[in-house]
Structures are given as C-alpha cells and as structure tokens.
Amino acid sequence: MAKYMLIMRATDETLAKMFETPFEEMLETVGRFNEELIRAGVLIAAEGLDDPSQGAVVSYDGEVPVVTDGPYGETKELFGGFYLIDVASKEEAVEWAKRLPALPGSKCEVRRVPSIDEFPQDNEWVALERAWRERTGQL
C-alpha cells in the first residue's frame with residue numbers, strides 16, 4: 001500500500017460557485033464520498049481549507065520573507081483541500097480522484113507521499129523523525 005494525496009484545486013469561478021452551494025447540500029455530498037472512502041478502508045485524512053482571502057502568502061523572493069494577505073494576486077487555481085488515502089497503486093488513487101464530488105472546472109492533482117522508509121535510514125534527521133513518528137503512533 002502507498003499513500004497518495006488528492007489535492008483539490010479550484011479556480012476563482014468554481015470557488016465562488018462552491019460558496020453559493022447551500023452548506024447542508026455540500027456536507028451531504030462530501031459526506032457520502034467520505035463514507036465510501038471510510039468503508040473501503042483507504043481514508044487517512046481529509047481537510048478543506050477556508051476562504052483564500054482569509055489566508056496569507058509568505059514570499060521568499062528576497063533576503064527577508066514578505067507576508068501579504070490573501071491568496072496570490074493572480075489566482076489561476078487555488079488549493080482548496082486534500083484527501084490523504086492509502087491505496088495499492090497510483091491507478092487506484094486516480095480512480096478515487098475521478099469519483100470526488102468536484103464542481104465542473106475544478107481539478108484534482110494526485111501525488112504519491114513517499115514513506116519515511118524511502119529516505120536514508122542512517123541520516124540523523126530521518127532517525128529523529130522516525131522516533132517521533134513511533135512515539136506518536138504514526139509508524
């Protein structure tokens with residue numbers, strides 16, 4: 001099994017359409033999909049993000065990081081949330097992504113999450129992270 005992140009991305013238009021959808025309707029639709037993931041035993045985590053205008057952007061273009069309110073000036077695609085699933089293959093992750101209750105115009109990026117086992121085990125930082133994961137029940 002491997003972890004994959006399904007990264008939900010929306011445009012300004014699809015985000016506006018989502019905010020027009022009654023909240024109870026959105027909860028029902030997403031809840032049914034979440035229940036499918038849970039019944040299949042593949043869901044690890046799922047989170048949506050708040051309105052991009054409530055966030056901040058930290059830019060590292062200069063010597064000192066610069067913080068601005070809200071999303072990037074020109075928002076072509078906004079990261080709206082994610083699912084973290086544990087499945088057998090990229091193909092299975094893509095099949096789940098195809099079933100996401102997304103609005104037309106949205107996209108879902110499917111990315112594998114490398115395991116800590118794939119990093120050099122003799123590295124002190126990897127060893128510290130492994131110990132932390134073991135202490136917190138993540139391994």
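Asp-117 is exposed, with a relative accessible area of 51%, where exposed stands for over 50% relative accessible area, buried for under 20% and partly exposed for what lies in between, computed with a 1.4 Å probe and the protein chains only. The side chain of Asp-117 meets that of Arg-130 in a salt bridge, at 2.2 Å from N to O; the term salt bridge is used for a side-chain nitrogen of Lys or Arg within 4 Å of a carboxyl oxygen of Asp or Glu. Because Asp-117 lies in the loop between strand 6 and helix 4 while Arg-130 lies in helix 4, the pair ties together parts that are 13 residues apart in sequence. Salt bridges that share partners also join Arg-9, Glu-109 and Arg-111 into one network.

The structure is a predicted model, in which local features need pLDDT of at least 70 and side-chain atom pairs count only at pLDDT 80 or more, whereas totals for chains, interfaces and linings use all residues. Residues are numbered from 1 along each chain as its sequence is written, and side-chain values use heavy atoms, with hydrogens and water left out.

Taken along the principal axes, the C-alpha atoms of the protein chain fill a box of roughly 50 × 50 × 25 Å. Of the 139 residues in the protein chain, buried residues make up 20%.

Arg-39 forms a salt bridge with Glu-35, with the closest N and O atoms 4.0 Å apart. Arg-39 is exposed, at a relative accessible area of 62%, whereas Glu-35 is partly exposed, at 37%. Glu-36 forms a salt bridge with Arg-99, and here the closest N and O atoms are 1.9 Å apart.

On a 1 Å grid over the protein atoms alone, a pocket is an open set of points, reached by a 1.4 Å probe, with protein on both sides within 12 Å along at least five of seven lines, and its lining residues have an atom within 4 Å of a point. The largest pocket has a volume of about 1200 Å³, a volume being the space filled by probe spheres set on the points, which are joined across faces, edges and corners. It is lined by 41 residues, of which Met-8, Met-18, Gly-48, Leu-49 and Gly-80 are the closest to its centre. Two or more lining residues come from each of strand 1 (2-10), helix 1 (12-20), helix 2 (23-40), strand 2 (43-48), strand 3 (56-59), strand 5 (78-87) and strand 6 (107-113), and helix 2 gives the most, with seven residues. This lining divides into 25 nonpolar, 10 polar and six charged residues, where Ala, Val, Leu, Ile, Met, Phe, Trp, Tyr, Cys and Pro count as nonpolar, Asp, Glu, Lys and Arg as charged, and the others, Gly among them, as polar.

The second largest pocket has a volume of about 330 Å³, and of the 17 residues that line it, Lys-3, Val-113, Pro-114, Ser-115 and Ile-116 are the closest to its centre. Strand 1, strand 5, strand 6 and helix 4 (124-135) each supply at least two residues of this lining, which divides into eight nonpolar, two polar and seven charged residues.

Strand 3 also contains Ala-56, which is exposed, with a relative accessible area of 52%. Ala-56 and Val-67 are 11 residues apart in sequence, and their C-alpha atoms are 6.7 Å apart in space. Val-58, which lies in strand 3, is partly exposed, with a relative accessible area of 37%.

Note on methods: Helices (H or I, at least four residues) and strands (E, at least two) are DSSP runs, numbered from the N terminus.
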